[in-house]
Amino acid sequence: MTKSLIYSLIFHSAMILLTVLSLPFMIREPVDLPPIVSVELIQISDKTNIPFAPKARKIIEETKKKEERIVSEQAPPAAKAKEKPDRIPLPDEKKEKKKIIKKKQNPEEIEPQIRQSSEFEKKEIIDTNQIAALIDKAKEEEAVKKEQDDKLTQSSVKNSFATGLTLSEEDALRAQIFGCWSVPLGLPYDQDLLVRIKLKLKQDGTIMKSEILDHQRMNRPGQKFYKVLAESALRAVRLCQPLKVPPTGYEKWKDIQLNFNPVEMLKG
Amino acid sequence: MKKIILTYFTYIIFTTSSYSLIEVDITRGNLDPLPIAVSPLHVDIKSEEDKNVKIKNLGNDISEIIEKNFKNTGLFNPLKKEAFVQKPDIAHLKPRFEDWRLIKAQALVTGKLLVKNGKLKVEFRLWDLTAAKEMTALAFTTTPSNWRRVAHIISDKIYERLTGEEGYFDTRIIYVAESGLKSERIKKLAIMDQDGANTKYLTLGNELVLTPRFNPTNQMVTYLSYFRNMPRVYLLDIETGMQEVVGNFPGMTFAPRFSPDGKKIIMSFAKDGNSDIYTMDLESRVVERITNHSSIDTSPSFSPDGKYIVFNSDRSGLQQIYVMRSDGSNVKRITFGKGIYGTPVWSPRGDLIAFTKVRKGRFYIGVMRIDGTGERLLTENFYQEAPSWSPNGRVLVFYRETKSGSKGEGFSASLWSIDITGYNERKLITKTDASDPSWSSLLSK
C-alpha cells in the first residue's frame, strides 16, 4: 500500500514537473508569435531601408498609395487615433516617412492584424485557439491555392506568426537577399514561377546544403523559365553567404526555406 | 519501468519543442543587369592565316561582338577586360572560379578557335561562377568570313541559356535609308545586321520606297514603291535581286506584309477614296478581299498562328485598332482610348500587339494585349512610328524623326529600339538617316 502510494506520488510529481517544463514549448509551437511586435516595427523600418531600382520604387509607391487609401477608408477613426500615439510615438515627419518605407517593402504584411494584437492584453495574444485557427486557416488556404498569385499574401500571414525568426530578423535576411538576387527580367509575369529552396545552414550563416524543392521541374521540357529563375535564386543565396542570421537560436533556423517569387517585380 | 516512462516523456518534450521549418518569401530583387565576363577567345597557335580575316585578332573581335550584344540588351553588364585574371586558354580549360568571383562576375564566357583547311572552328563554354559549374558548351564550324555571324550565334545561345528566351542577335534589319534635303529625299532599301554591321543597299534610290517587310525565311521582301506614278506593292528576292509588282490591281496598293507561312501577302488596296484589305496567294496569284467597308481599312498584320488579322480603320470616326478572323469575319474593335491608333503589329509570341498612338500632337509607341486591355505606352516623342518586333517578341524597333525648320533644316530620321518593359531605349547606328525598319527572324533557325 505504502509502496504504491510512493509510486503514485513520484509519478504525479513527475507529471507535474514535465507539464510545467513542456507546456511553454507546446504553446510556442503553434503560436510562435514575437511578443514585442510594436517595438520591432520601428526597428524594421531602419533595417529594411534598402535602395531600390527606380522601377521597383515606382511599383512600391503605387502599392503604398493603395495601402494608404485602404487604411483611411477601412480603419475606424476612433480606434486609430487611440492606437497611434500609444504604440508608435512619431515625434517628427522623418520617422513617419521611415515607417511608410517599411510598409512599401512589405506590402503584403498584415499590419492591421499585428496592430490589433499589440493593443490587447498579453493574455489575449496567447489565445491559442484563435491563433491556431488562424494558422490552420492560412495553411489550408496555402495548400489549396499554392499556384495562385495571392499565395504570397497568405504565406506572409503564415510567416509573421509561425516562423522562428522575429520580424526584424526575417526582414534583415530578406533585405540581404533582395540585394543579391538579380531577377532575370526576361521572364514572363503571367506564369507560376515560384522557386522554393531549402537551405541547411551552418552557425555562421554559410550554406551547408541547398536544395531546390521542385528540382525535377527544371529539366522538364517547356520549363526553361523556371530553370532560369531557379538558377538565379541559387546564385543569390550563394552570393549572399554568410546569410544574416540571428546570433542565437541556431536550432530554430538551421533549416530554412526561401520562396522566390518574381511576379511582382516582373509585372512592373 | 521508470526509465521507460522517463524516456517517453523526454521524447514528448523534444518532439513538442522542435521547430517548424522557417519559410521566408523573397518577392523582390535588384534590377541590375547580370555581371558577366566575356573572356577573349583563345586562338589556337596551329591556326592558318586567312587572306581576308586577321585570325590573330579574331578571338578578341568575337568576344567584343558578344559583349556589345549583351550590353545592348540592358539585361547584362559585361565586365571590363582589364580586370580579368586568367589567360583565355587556361580559363577555357578550367576557370579559377574564386578569382572570377572576386571581380564580381556571376557568369563567364570562354572559348577557343582554330582555322584549318580554310574552315573556322569556334567553341565556347558558359560557366556559372557562383555554382562553379559549366552551363553550356557548343562548337561551330564555318568559313572564316562568317566570323561575325558565329559571334551572334554564340550570343544567342548564351542569351537563351541565361534568360530562358530565344535570342535575337543573329538577325538582320531591313529599312529605308534616307539622304538629301527633306523636300528631295532619296530613299533606298537597305539591309544590315542587327548590330549595324554589313549594310547593303538593295535599290538605287531612283524610286521612292516605303514599308519593307521580311518574309518568314528572310529571303523575300515586300515593300511599297512607285510603278507608273502609282504606289504599288512590290516583291523583291534578296538573293537574286529580282523585283516584281504584286497583283494586277487597278489602283494603289500599300501597307504590305507576309502571312506567317510566307505564302500570302496581305495589303491594302485603295480606290475612289475607300481602302480595303486584300490578300494575294503568291503561288496561285488568287486575290481575296478580306474587308468590305466604306471606311479606310489598312495596316493589316497576321497573328503568328495565321488565324487572326489586326488592322486599323476609321469606321468609328477616329482611326482605331480592330481584330478579325483571317477570313474577315467577326470584326471587333479593341482600342477605345483617347487619341488615334495605327500601325498595329502582332508579336511573334502572340501575346501582345504593338502600335503607334497619336494624342495631342505627340507620338507614342506602345503595346497592349490582343484584346486591347493592358495598354502600355513605352515611349513618347515629337514624331515616331512603325514598330517592328524582334523575333523573340522582347524588343521593338521603330523610327523617329526630329522637328525641322521651315526650310527643312535640322531634319533627321533614325532607328531606335526599346524593350517591351519600356526600358533600354537605344538609337541604332545606321550609315545614313533611316526609317521604316523591319526585323528579320533568326537567320540560323
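Strand S3 (residues 255-260) of chain A has side chains that alternate between two faces. The model described here is predicted. In it, S3(A) is joined by bridges to a strand of chain A and to a strand of chain B.

**Pairing of S3(A)**

- Strand S1 (residues 195-201) of chain A runs antiparallel to S3(A), and six bridges join the two.
- A:Asp255 in S3(A) is the bridge partner of A:Lys200.
- Strand S1 (residues 22-26) of chain B runs parallel to S3(A), with five bridges between them.

**Nonpolar cores**

- The largest nonpolar core has 66 residues, and those with the most contacts inside it are A:Ile177, A:Leu229, A:Ala233, B:Ile36, B:Ile62 and B:Ala107.
- Not counting residues up to four places away in sequence, B:Ile36 touches B:Phe70, B:Phe76, B:Asn77, B:Pro78, B:Leu79, B:Ala105, B:Gln106, B:Ala107 and B:Val109.
- In soluble globular proteins, nonpolar side chains tend to be buried together.

**Chain B as a whole**

- Chain B contains five helices and 31 strands.
- Its C-alpha atoms fill a box of roughly 105 × 70 × 50 Å along the principal axes.
- Chain B has 445 residues, of which 43% count as buried.
- Of the contacts in chain B between residues at least 6 apart in sequence, 43% join residues at least 24 apart.

**Domains of chain B**

- Domain 1 of chain B covers 34-163 and domain 2 covers 172-439.
- The centres of these two domains, taken over C-alpha atoms, are separated by 36 Å.
- Contact between the domains involves five residues of domain 1 and seven residues of domain 2.
- On the side of domain 1 that touches domain 2, helix H2 (residues 55-73) of chain B gives the most, with three residues.
- That side of domain 1 has no nonpolar residues, three polar and two charged.

**Helix H5 of chain B**

- Helix H5 (residues 147-163) of chain B has 17 residues and reaches 24 Å from its first C-alpha to its last, close to the 24 Å expected at 1.5 Å a residue.
- Because 13 of its 17 residues are buried, H5(B) is largely enclosed by the rest of the structure.
- B:Gly164 follows H5(B) and has a positive phi, near 85°.

Terms used:
Residues numbered from 1 in each chain as written. Chains lettered and ligands numbered in written order. Predicted model: local features only at pLDDT ≥ 70, side-chain atom pairs only at ≥ 80, totals over all residues. Domains from an automatic or database assignment. Contact = placed C-beta atoms within 7 Å. Helix = DSSP H or I, 4+ residues; strand = E, 2+ residues; numbered from the N terminus. Nonpolar A, V, L, I, M, F, W, Y, C, P; charged D, E, K, R; others polar. Expected span 1.5 Å × (residues − 1). Buried ≥ 20, exposed ≤ 12 C-beta atoms within 10 Å, placed from the backbone. Core = buried A, V, L, I, M, F, W, Y, C linked by C-beta atoms within 7 Å. Pairing = 2+ DSSP bridges.
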